Amino acid sequence: MIQYKQIQLRKGKEESLRRFHPWVFSGAIQRMEEGIEEGDVVRVVTNSGDFIAVGHYQQGSIAVRVLSFRDVEIDAAFWHSRLLSALQMRQAIGLVPLAQPSAFDVQPSESTTYRLVHGEGDNLPGLIIDVYGQTAVMQAHSIGMHLCRKQIASSVVEVMKGYVEHVYYKSETTLPFMTADDMAGFLVGGSEDNVAVENGLKFRVDWLRGQKTGFFIDQRENRSLLEKYAQGKRVLNMFCYTGGFSVYAMRGGAELVHSVDSSEKAIALTRQNIALNFPDDPRHEAFCEDAFKFLDSSQLSTSSNQRSYDLIILDPPAFAKHRGALHNALKGYTRLNQKAFEKIAPGGILFTFSCSQVVTKDHFRNAVFTAAALARRKVRILHQLHQPQDHPVNIYHPEGEYLKGLVLYVE
């Protein structure tokens, strides 16, 4: 067995680890053995020298991301076991068929899009793996996972035999300080087929240049819910990215769908995805414009001679990526939602979200409630939304619950 170098904790600092929280903060460290480098697997011991965890070391506030609370070797067998556990959970909840196929034969009602590994939620902190058809897109959020990428990719194909044949690595945005040549490209196989299926709808996934792994899988269930409300509605999808909510609204029978994003690439992808599912459908129009400017535009006037939207989706990027930005983020959410409340038609429905991890459910709800009061609208909560089952939250790591959403009825 490999003898990993050790990190010793300050006295009493092991308590969170005894509760199976998967992070060791830098301030908890008493001493490190010489020669430990970023990305190394290390053994974490208490102040008295007792083993407590093994994980990846990295400089920064989170110094160790725990891989196991057992004194095990982090080898091919370890990756295989953890990936198999992740697959079995997806099979248990019906996202992946129990019988492994010899080839992926997509039926119109099927989905070939899901998250296979969700970091701490699957006991693999620092690792994200999304599956699009027969291609898995892998993203490292720690140097340790980056250094293990080839071994992990091999294990993915082994465990996912029949489901996945190609593994694409995409970490240039999550580890921007590393060598660019190592950050993107196929680790196993290679495919140009970037069309995946979600609930019978087709989406072109840009895993080369797109955000995250190329598609926001975490809104799958919320898109399905929106479809049920879309019949006959005039829909505005703000921060549309690849147009996921727009495509579902179209299938739900919306009268009109407007998609807005400040990115030309996002608007191009939205138009492609609309065309994949609803070619030459005049109900959809896309606008490349800043969200606040668009909401301020005269076409959204609520005057009696000009209708406003009946259904608005606000799904902005994270306004706060660290606690220091929380105050300004809450102001941003309040301002954005106030504008939507001011413009939405009476009897309208608002889907509003925050994907900022440091913004709690209470923070977000208070910001939205403040916005409703400032806009002087009567508002009722219809649904409280969250991330789907394939983005599980480790019960010992509540920080993993990052996506918050509300569906509101506005009188």
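Residues are numbered from 1 along each chain as its sequence is written, and side-chain values use heavy atoms, with hydrogens and water left out. Because the model is predicted, local features need pLDDT of at least 70 and side-chain atom pairs count only at pLDDT 80 or more, while totals for chains, interfaces and linings use all residues. The whole structure holds 13 salt bridges. In a salt bridge, a side-chain nitrogen of Lys or Arg lies within 4 Å of a carboxyl oxygen of Asp or Glu.

**The network around arginine 220**

- Salt bridges link Arg220, Glu221 and Asp390 in a network.
- Arginine 220 bridges to glutamate 221, with the closest N and O atoms 2.9 Å apart.
- Arginine 220 also meets aspartate 390 in a salt bridge, at 3.0 Å from N to O.
- Arginine 220 sits in helix α5 (residues 220-229), and aspartate 390 in the loop between β19 (379-386) and β20 (404-410), so the pair ties together parts that are 170 residues apart in sequence.
- Helices (H or I, at least four residues) and strands (E, at least two) are DSSP runs, numbered from the N terminus.
- Arginine 220 is buried, at 2% relative accessibility.
- Aspartate 390 is buried too, with a relative accessible area of 0%.
- Glutamate 221 is partly exposed, at 35%.
- Buried means under 20% relative accessible area, exposed over 50%, and partly exposed in between (1.4 Å probe, protein chains only).

**A bridge between two helices**

- Aspartate 296 and lysine 339 form a salt bridge, their closest N and O atoms being 2.6 Å apart.
- This pair links distant parts of the chain: aspartate 296 is in helix α8 (residues 291-296) and lysine 339 is in helix α9 (residues 326-343), 43 residues apart.
- Aspartate 296 is partly exposed, at 47% relative accessibility.
- Lysine 339 is buried, at 14%.

**A parallel strand pair**

- Strand β15 (residues 256-261) pairs with strand β16 (residues 284-288) in the parallel sense, over five bridges.
- Two strands pair if DSSP finds at least two bridges between them.
- In this pair, histidine 258 stands opposite glutamate 285 in β16.
- Together, β15, helix α7 (residues 264-277) and β16 make a right-handed β-α-β unit.
- Right-handed means that, with the strands pointing away from the viewer, the path from the first strand over the helix to the second runs clockwise.
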